[in-house]
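Reader: I am new to this structure and would like to know what stands behind the terms used for it. Please set each value against its definition.

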Amino acid sequence: MLRYLSDYKRESVLAPLFKMLEATFDLFVPLVMADIVNVGIAAHDFHYILVRCGILLLLAIVGLACSLTAQYFSAKAAVGYSTGLRHALFEHIQTLSFSEMDTMGTSTLITRMTSDVNQVQSGLNLFLRLFLRSPFVVFGAMIMAFTVNFRAALIFVVAIPLLSVVVFGVMVITRPLYKSVQTRLDRVLGLTRENLTGVRVVRAFDKEKSEVDRFEDANELLTKIQLHVGHISALMNPLTYVIINLAIVALLYVGSIEISIGGMASGDVIALVNYMNQILVELVKLANLIVQVSKALACAGRVQAVLDTKPGMEFPAELTGNVPAEKADDAVRFDHVSLTYKGAGAPSLSDINFTAKRGQTIGVIGGTGSGKSSLISLIPRFYDATEGSVEIMGRPVRQYPRADLRGKVAVVMQKAQLFGGTIRSNLLWGSQNASDADLWAALETAQAAEFVKAKPLGLDEPVEQGGRNLSGGQKQRLTIARALVGKPDILILDDSASALDYATDAALRKALAALPGDLTVFIVSQRAASLQHADQIIVLDDGRMVGLGRHAELLESCPVYKEIYESQFKKGDAQK
Amino acid sequence: MSAKAKSKLTPEQQKATMTRVLQKIKPYGFFVVCSLIVAAVSVAAQLYIPILCGSAIDMMLGKGAVDHAGVLRIIYEIIVVAVVAAFAQWLLSVCNNRITFAVSRDLRNAAMRKIQTLSLSYLDSHPSGDIVSRMVADVDTFADGLLMGFTQLFSGVLTILGTLLFMLQQNVPITLVVVCITPLSLVVASFLAKRSYKYFQSQSTVRGEQTALVNEMIEGQKVVQAFGHEAQSLEAFDEVNGRLQNVSLKAIFFSSMTNPATRFVNNIVYAGVGLVGAIYAVAGGITIGQLSIFLNYANQYTKPFNEISGVVTELQNALACAARVFELLDAEDQTPEAENAAKLVPDGHVQIEDVSFRYLPDRPLIEGLSLDIKPGQRIAIVGPTGCGKTTLINLLMRFYDVNGGSIKVSGTDIRDVTRASLRGSYGMVLQDTWLRAGTVRENIAYGKPDAPLDEVVAAAKAAHADSFIRRLPEGYDTVIAEDGGNISQGQKQLLCIARVMLCLPPMLILDEATSSIDTRTEVRIQAAFARMMQGRTSFIVAHRLSTIREADVILVMKDGHIVEQGDHDTLLAQGGFYAKLYNSQFEGVET
């Protein structure tokens, strides 16, 4: 994942370096001050004092310049990195097949793209700024102490590990605890949401009291762990404070001895105390840095996992193989096809066999979860059949390059999904270079021309993200038109007419039948009425094909079909 | 940087909110007093140590001129003071934690209790996300911000005053140097804050735009791939991504200038103190030890300033959050139960007498509705969306109270009986398939938590849910996620039906109870419903007219009025609104 940083090599090296420079200048300050005390004040030399203070000012200015440069470079590298990472992630997600997307889930992918990448960005930014600076100041201070006085510097050698143990110890102990704080907070959140969305059920079952008890238990658990973590974290400041002051006391003691034998001046003691104070600040920063960076690393790991997910499907670059003569008329053929989704216990489709000839209309019917959508999603190769083979136009689907296949097969999905833009920009998804006449023809067939004409801007009417400004039926018809614009050989309507009223549904079917050429149409529906005129109807039950034939035949031969039909048309006649 | 723009409170509101906050803190008054005392002790001790150090340094004048006994005495003093300061610091955190977490716990519990008694009109008109954020995020911000902010402010002010006092005592001119230059850091910080705020604002706008695009494209990823639109959507993404890069860089850079800039001011103060201090030291106005005290203070003095500037906005923000929490706690409750409310013994006789109802005072919905429902009758309610079907159910369950007229069950006005006994008399299945995060079994047994497994299974079988439950990875012990993501809408509805099947109260309400279930399963469930409804007064709201044909009375509603009433055949024969609705469903069949 580091390769997205390669464009910002210069920045990622310069940022920490400049930070280090700044730290170096900071480290000189106590020494200069010691000189002022030891030399300037001792010798009553005003000029010396003035010059030294000038140096202090200069150090401050140069330090500021270095630090601003570093901040700029690190911001640039971090932002650039995350921009590249987001691009790569987005590009990668687009190559994933449906099966990987189902496993990961859209909301996960969206979180990866947004908040996880942002976390990585701020982690990287902080890292570039601090990972050299903080240790450098800590050890720099110690080294500076050695230049002042060897014996006094030994105090630093003892104090630094002690401080580190406290700072990092507290951190190591509390980190997992903070995780359980989060878990318990999530539980409180979940219960709150649940009680709000389910208020009617809660009250209908007279569960108000028990819900409050449940909530208070969860809340008490949260408070307990919050207090527990709080008490542990509360130890850090007092402990480090005591250690630092013990170290200062030791410095004073050693200093007093050294001064009395002439090994050190009082200005040196001031400088050493100053260094000691700097160390604490930087250690706390370092501990924070580690927390932030490890959070960012966790996010980076999750992003990496997405990037590592290999697309589960490969498409050949070119169309290969020949079409046997006996299959020239076939549009879609399923040969003993079974499909088991990744991670699912049972197959969603088992042993499906049928052949759809070019120009035919095929109905697919069955209850919820009977496998209707699974069946049609094998045709454009959204998923690969786990057994058997699916053939399009006489060739196995696996022989088609992705673009070829998806150009031949157009799917109108159950959920009408439009994208922000205009009606035109949405329709052009079907084919980038379709003319206005093509668009209107498609709209005409999809029974959408009328309402598009009625819009003030016609084809250029804006469509909000997700098509929120259109009604369900309008969206549905536009998605049908979008599919038609690409002039596919096979059109699949996956329960797409559910938002249409019966009359429009019928008109749509009539218009589709009247289209020139031999368009093969698959209609998935729960309404038997929509399929009555199909050339073949596939009846699915629990993933198995329990009937195949025309309406009239199925009414005779297929009990499941008969049951479905009767559940919808008991109009006036005797019930079973 | 919290760029969250919370609505600011007027001074009166702030005062009122503050009063209530104090009430909430009152039970923990002991800890508050402790916290203030230890804060003062800790500040004093922390300021005293540099002075001790200074005196020690003054005892080490040079070679052979060191007062060892004096230094040793001071060393002991420093150790004692440091330990006292550390202990005070620790106590301070402990007290603050106690107050903060206890107050937020109390507020959350109060809010949850409130939710259980809130009127449904409040809950229906407020998005649940808003209430959740009041209960969780606002309570947190309030507790953290107000209590932590308060102690920070308190110790900050004490530190500044203490430092000033100590410094003034030692030397006035050097103090002036510190006092004059330090505010510069505030000026610089606020300048930078304004600049970066602007960029953060535009960053969040562009980020929002990008998130929307990502949402749209990833949610529509299957469509994107089905149409081979990958390249174009990447292009659109890159455009926003590029803009985000530009504005993020500016925002991050400007905000990251604050620390170096304040450090710079700090360094100038340090140099200034060094200069003036050294001059005075040469002149003999102060000792080296005193100079060291000044240098130490100069380093510390800017810190509380920077903190306090942040604390003020945090406090305002916290008060605004507190006000939002109190607003929830003050929201209108449902009408309290009558004092002598009886327990309802339902016989299935429901009388609706001249009922009128409106959600909004200026928009009448149900007017003069009267109905007399005999025990065991089946009432179906049909009509277009928004005609008031669900409203009638709200009234029957007494989720809302009627504005005029009355509803009686077993001859008693439902306002004179306990809500629990009224609601317990109805089994309710709603279109909104609410399940709780928990196992399948827990969900089915929601109304009867101690039901043995075989009863649960029997209920599931009756609801035709048993077969799909068995296919779930853990069967009846499968945990349903909070969003119910692991089972389909139709399956959820089956579980809701099973939940009612288990309790089987004497009356039933089915509001679009089978809307997400395919027609074939529905027919089977209808059979189960039919058994269930035997001898039970039931109210059925449905979209699919085939499901309501067997009702004893069909109420056809339109715009809150009952426009037609009768059984299926009568209504069809009338050729009115119902006949129109019914026939529209079968248009296309006869073509």
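**Terms and values**

Author: His464(B) is partly exposed because 18 other C-beta atoms lie within 10 Å. A residue counts as buried with 20 or more other C-beta atoms within 10 Å of its own, as exposed with 12 or fewer, and as partly exposed in between, the C-beta atoms being placed from the backbone. His464(B) is in the loop between helix H15 (453-462) and helix H16 (466-471) of chain B. Helices (H or I, at least four residues) and strands (E, at least two) are DSSP runs, numbered from the N terminus.

Reader: What kind of model is this, and how are residues and chains labelled?

Author: The model is predicted: local features need pLDDT of at least 70, side-chain atom pairs count only at pLDDT 80 or more, and totals for chains, interfaces and linings use all residues. Residues are numbered from 1 along each chain as its sequence is written, while chains are lettered from A and ligands numbered from 1 in the order in which they are written.

Reader: Why is Ser410(B) called partly exposed?

Author: Ser410(B) has 17 other C-beta atoms within 10 Å, so the label is partly exposed.

Reader: What makes Ile540(B) count as buried?

Author: Ile540(B) has 25 C-beta neighbours inside 10 Å, and therefore counts as buried. Ile540(B) belongs to strand S10 (residues 537-541) of chain B.

Reader: Which residues are in contact with Ile540(B), leaving aside neighbours within four places in sequence?

Author: Contact means that the C-beta atoms of two residues, placed from the backbone, lie within 7 Å. By that rule the contacts of Ile540(B) include Arg378(B), Ile379(B), Leu510(B) and Ala551(B). Ser104(B) is 436 residues away from Ile540(B) along the chain, and their C-alpha atoms are separated by 43 Å.

Reader: Why do Asp67(B) and Gly490(B) count as partly exposed?

Author: Asp67(B) has 16 C-beta neighbours inside 10 Å, so Asp67(B) counts as partly exposed. Gly490(B) is partly exposed because 19 other C-beta atoms lie within 10 Å. Asp67(B) is in the loop between helix H2 (29-58) and helix H3 (68-117) of chain B, whereas Gly490(B) lies in helix H17 (residues 489-503) of chain B.

Reader: How far is Asp67(B) from Gly566(B) in space?

Author: Asp67(B) and Gly566(B) are 110 Å apart, C-alpha to C-alpha, and 499 residues apart in sequence.

Reader: How do you know that chain A is more spread out than a compact globule?

Author: Chain A comes to 20 helices and 12 strands. Its radius of gyration is 36 Å, well over the 25 Å that the globule rule gives for 576 residues, so chain A is more spread out than a compact globule. The radius of gyration is taken over C-alpha atoms, and the rule is 2.2 Å times the number of residues to the power 0.38. The C-alpha atoms of chain A fill a box of roughly 115 × 60 × 50 Å along the principal axes.

Reader: Where is the kink in H6(A)?

Author: The kink, of about 30 degrees, lies at Thr174(A), shortly before the proline Pro176(A). The bend at a residue is the angle between axes fitted to the seven residues ending there and the seven starting there.
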